[in-house]
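Open the model in your viewer and keep the selection tool ready. Each stop below says what to pick and what is there.

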Amino acid sequence: MAPTNPPVPVRPTTHDEVAAAGSEVIGGPVGRRAAVGRGWWHPARVVVLVMIGMFALGMVQKLPCYTDSWVGGPTAQYTQACYSDIPHLYYGRGFADGLIPYFDRIPETLSPDKAFLEYPVLTGLFMEVAAWLTPSGAVDPGPGQLYWLVNAGMLLACAAIIAACVARTHRHRPWDGLLVALAPAFALTATINWDLLAGALTCGALLMWSRSRPLAAGVLLGLATAAKLYPLLLLGPLFLLCWRAGRLHAFGSALLGAAGAWLVVNGPVMLLAWEGWVTFYAFSEERPVDFGSFWLILAQRTDIPLHSVNTYATALTLLGFAGIALLALRAPHRPRLAQLAFLVVAVFILTNKVYSPQYVLWLIPLAALARPRWRDFLIWQAGEVLYFFGIWMYLAHITGESQDGLPVGGYQLAIAAHLLGTLYLCVMIVRDALRPDHDVIRRTGSDDPGGGVLDGAADVFTLRRRRVAAAGRGVSRET
């Protein structure tokens, strides 16, 4: 049998008015006779190159801090919006002194409030490898700046993997990866912390799942959870969708792979350095109300008892998860995996006690897969960019002697912009799930191109009420 030609990739400029308008910068929408996606200039490669360019621009944005502000005083790194945890933790968590994470106790002179590294094991390994690659005797630039530069190179590889995975997850929509590559909040926050490691592993897991390789997806998801806690949440949507589609065997393979990979990474540290290993989980549970959350607005404007916030936040999170479960099992057509994945992570972020600006990196790839519409994506990104600058101006206000920067009221508006933008995107995705004719993925006849074994599967279990006529009687019953 002669090989068939692969389907032509969907071109955003022919389906998205914002993408078409934006394309005028490079000559306008692609013509119907244009040869796109052939030869070396495959869409995934283009997406990765764009990501590398945007990542470089994000590094340039941090240049004022690289040259002076990380070592020139606390306020300048906020007024110039170029703060990063990376150079500070190089010294504050003992990497500059050769301490081994989780095994060596951090002296109080370096970290008065943290005796051990408060990051998951795989992230700790990432940080340690970067420390090994950092010249310790450098003077100008100093070791802290070089440590950031080494980490930036490693994080760039993670960013390229994220872009490539998003471009390849939906086989016929590779250009949706440009949503990730061109996301302004991605470039601004990529080198603040180490979140891109977990993001790359999570996107790899979604790619493997889309290729109907649940065990490999589970292994990558377990590794991602060993780098950051949030990827664990994706097991919930996987279970619900596999239950509804009768594909629980595939979910079992993914769960087995995730548990095994997580245990292989964490087991040795748990056995040999329990006190250091458990620090991350204890810190996550005991962390007080902090920047970026709506709990901070409540704490600043009301007399809410702070000791009760843990209970309220947990209850609100579980309520949100219950709503997502109801959507998964009652929607008229089974929701796509990316839709539920975005919603479950968004609920976790919206109800959390803290929102650091780099947390947006958790959502950007999921948003590109769940709702690949430039208008909605940019509305959400506008709120995130506003929050990015808002938090630094607020920190400049509360740490600077002159009280310049953004006062409390202005910072609360920045938090509201982030919350409302994320909620808006959640509403759009829920609407798509309830009314598939609004979903740009399904509008072209696809079911769930990122769903792997779920793509095109019939429902086996659902909570929807169906009216079934009883044989020989003019009555009906609900199932």
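Buried means under 20% relative accessible area, exposed over 50%, and partly exposed in between (1.4 Å probe, protein chains only). This is a predicted model: local features need pLDDT of at least 70, side-chain atom pairs count only at pLDDT 80 or more, and totals for chains, interfaces and linings use all residues. Residues are numbered from 1 along each chain as its sequence is written, and side-chain values use heavy atoms, with hydrogens and water left out.

**Salt bridges**

A salt bridge is a side-chain nitrogen of Lys or Arg within 4 Å of a carboxyl oxygen of Asp or Glu. The structure has 13 of them.

Select Arg173 and Asp176. Their closest N and O atoms are 2.6 Å apart, in a salt bridge. Arg173 is buried at 11% relative accessibility. Asp176 is buried too, at 5%.

Next, pick Asp376 and Arg371. This salt bridge has its closest N and O atoms 2.8 Å apart. Asp376 is buried, with 0% relative accessibility. Arg371 is buried as well, at 4%.

Now show Arg244, Arg334, Arg442, Asp447 and Asp459. Salt bridges with shared partners join these residues into one network.

Move to Arg105 and Glu275. Their side chains form a salt bridge (3.0 Å, N to O). Arg105 is partly exposed at 47%. Glu275 is also partly exposed, at 44%.

**A last stop**

Select Leu271. Is Leu271 buried or exposed? Leu271 has a relative accessible area of 75%, so it counts as exposed.
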